[in-house]
2 protein chains.
Amino acid sequence: MAQQHLEPTDPLAGPVTGDALAGYLRSQATEFLRALRRHREGGAEAQGPEAPVDAARALRRSVRRISASLHTFRPLLDTDWSESLRPELAWLSGTLGMEHAYESRLERLLLALHRLSGAVFPAQGTGPTALTDRPAPAPDRGNLTVGAAKAGALLDRQLTLARTRAHSTALQALGSSRFHAVADTIAVLASEVPLAKSATGTDLRPLAEAAQERLDDAATALPLVTAGHPYNAEALIHGLSPDPSPHPQDAPWHQVRLLLRLHRYAREVLSPAVDVRLLSAGQCLDRHRDASEAAAAAASAARTPRIAPATAYALGVLHADQRHEVEAARFAFQQCWQKQAVST
Amino acid sequence: MAQQHLEPTDPLAGPVTGDALAGYLRSQATEFLRALRRHREGGAEAQGPEAPVDAARALRRSVRRISASLHTFRPLLDTDWSESLRPELAWLSGTLGMEHAYESRLERLLLALHRLSGAVFPAQGTGPTALTDRPAPAPDRGNLTVGAAKAGALLDRQLTLARTRAHSTALQALGSSRFHAVADTIAVLASEVPLAKSATGTDLRPLAEAAQERLDDAATALPLVTAGHPYNAEALIHGLSPDPSPHPQDAPWHQVRLLLRLHRYAREVLSPAVDVRLLSAGQCLDRHRDASEAAAAAASAARTPRIAPATAYALGVLHADQRHEVEAARFAFQQCWQKQAVST
């Protein structure tokens, strides 16, 4: 029985000290350097067209984790060092993420346009859930209404332009002296972690627990009772609002998404065990964020001057569809979170 | 125990014969005549502006019930009489119902436009469900976007015109010799029901059970598993379809709505006890039908030539909103129906 309490995969088993944090940061820094090398080789070597994309994703992945650790375990790290590195990591993460964000936003919107046109993608299915009594899919009619086609072309033009710009910005960033300074700092981190003097003997767990508490507090403040009622019609409530930034209701959910990620990364420092429920909850909030931004992109495209009414109509349907995706994601998060609350 | 089995409110307690049907038809015919008198007096006497509306509703109410009884209990009634009356009742019910349908469709769409604009109607609330953690409603901003206001004006124009025409048609119908013939037939029915010779000793219950079976079969054939998954995204799947009649998926639900009504009225003949669950299930399907038709009206308004893109955008959002109401109504019906299936 005592053995079980000391099981190494239980993050709460015994004190975890600064050494664990140092080990985690070193391994993330190593991942960063490896991804950077792959990214630089990506253009030259024949690794397939996906290689630079994967490398960029791996870069972002390690940057997010280093940045999160600097935040959560701040008292254990050299203050000057972490305070100067954190904004640089935020800049890098933001800059590297934009291209992918525009790309996946366009993909999401075009997929939705086809779904709403009754066209069927055999591989992807048409709904968010695997259902058992769905009738056999109709053959792809392969034709959109004029409005849907024009809306798709407009979104393609706008988001491809934004993506291209984001690509240039990312390339410029990766070639900048600012980036080289960050990369140098992370290269040093791969071998030597600037822990605060007190860190070696200090228990990490209270800091990780504080991250969890921040998450719990923010999640508890969400309108989860509403979200748990299917078809509560909350997400589209400002769908035609004259307010230029009509979705302040999304912000607390975005905030919980960030806090959940901080909590998840803090757990990673303590234990390599993956909490599947945390992953699922995070995926719900990723979907919430993606749908929220896709809805905004459709609304923004509809404000393009001189578009045809049919195009505007299709963009209106698309906007509402994505706002309902927002609502669906909140419902899914509520279901997931409730299970979590019951089982812990 | 035997007493309980013979309890008079249990429709299956003992044989119910043609006398019960005759009594039911007489009372419905009396209701019809009373409503007709109130309707005719409505213009002359000071009964408030609602009186003719209530009288028209009461007229439709009794016509639907007489018509349903003629259908369900056909073998018990004089064939020539019922075969000649049924199409007349269908004509009357359809003609009298149109004005109200256009009126409530417009009301539903304008309410949705205001809800989607973030404007709050204190009395009506903003969502389909009473929720406990909804934040205090923001004060009515009282302004719509240009698009929402123009969409509202367009719908108002189109549906008010349709309603006015329906009103004239109904008035013409009520003054026609065709109507007077129906009214005369019903006046006779109020005192003398033309039962078939065999009816007096025949049990009504097998015919009522057959009506229930037709309902059960049709409800079982609905995609209830899909409908029971919240946010299944089925209802909007043809939201931008080039198909001019894009919602064949609604037809089986409309059919179940009619069969449920036939079953409910057949139960009324057997027993005055109201089955609340049947009422609720019927209300879900009414809401389904109303949202389906409102969505079609928004789509149709968007095809008006030379509308502004902002108007078309608002109509697109509105269409999608109502299609999600369709989906919500299916979910609510599934929940209601499932409970019913478990408890019977």
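**Helix packing and buried residues in a predicted model**

Q: Starting with α7(B) and α9(B), what is the handedness of their crossing?
A: In this predicted model, α7(B) passes α9(B) in a left-handed crossing.

Q: Which residues make the contact?
A: On the α7(B) side they are B:R205, B:A208, B:A211, B:Q212, B:R214, B:L215, B:A218 and B:A219. On the α9(B) side they are B:P252, B:Q255, B:V256, B:L259, B:L260, B:L262, B:H263, B:A266, B:R267 and B:L270.

Q: At what angle do the two helices pack, and how far apart are their axes?
A: Helix α7 of chain B, residues 205-220, and helix α9 of chain B, residues 251-270, pack at an angle of about 155°. Their axes are 9 Å apart.

Q: Parallel or antiparallel, then?
A: Roughly antiparallel. Angles over 145 degrees count as such, and α7(B) and α9(B) are therefore placed in that class.

Q: Moving to the loop between α8 and α9 of chain B, what is the phi of B:Y231 there?
A: B:Y231, in the loop between α8 (224-228) and α9 of chain B, has a positive phi of about 60° although it is not a glycine.

Q: Is that residue buried or exposed?
A: B:Y231 is buried, because 22 other C-beta atoms lie within 10 Å and the cut-off for burial is 20 or more.

Q: What about B:A233 and its phi?
A: B:A233 is not a glycine either, and its phi is positive, about 60°. B:A233 is also found in the loop between α8 and α9 of chain B. With 23 C-beta neighbours inside 10 Å, B:A233 counts as buried.

Q: Changing topic, which residues touch the most other members of the largest nonpolar core?
A: That core has 172 residues, and those touching the most other members are A:A298, A:L318, B:A298 and B:L318.

Q: Which residues does A:L318 touch?
A: Leaving out residues up to four places away in sequence, A:L318 touches A:L109, A:A112, A:L113, A:L116, A:A151 and A:A298.

Q: Finally, how many helices and strands are in chain A?
A: Chain A comes to 11 helices and zero strands.

Q: How much of chain A is buried?
A: Of its 344 residues, 39% count as buried.

Q: And what share of the contacts in chain A with a separation of 6 or more comes from residues 24 or more positions apart?
A: Such residues account for 81% of those contacts in chain A.

Technical notes: Residues are numbered from 1 along each chain as its sequence is written. Chains are lettered from A and ligands numbered from 1 in the order in which they are written. This is a predicted model: local features need pLDDT of at least 70, side-chain atom pairs count only at pLDDT 80 or more; totals for chains, interfaces and linings use all residues. Axes are lines fitted to C-alpha atoms, for helices over the stretch in contact, and angles run from 0 to 180 degrees between N-to-C directions. Helices (H or I, at least four residues) and strands (E, at least two) are DSSP runs, numbered from the N terminus. Angles under 35 degrees count as roughly parallel, over 145 as roughly antiparallel, 65 to 115 as roughly perpendicular and the rest as oblique. A crossing is left-handed if the near helix is turned anticlockwise from the far one by less than a right angle, and right-handed if clockwise. Two residues are in contact if their C-beta atoms, placed from the backbone, lie within 7 Å. A nonpolar core is a set of buried Ala, Val, Leu, Ile, Met, Phe, Trp, Tyr and Cys residues joined through C-beta atoms within 7 Å. A residue is buried if 20 or more other C-beta atoms lie within 10 Å of its own, exposed if 12 or fewer, and partly exposed in between; C-beta atoms are placed from the backbone.
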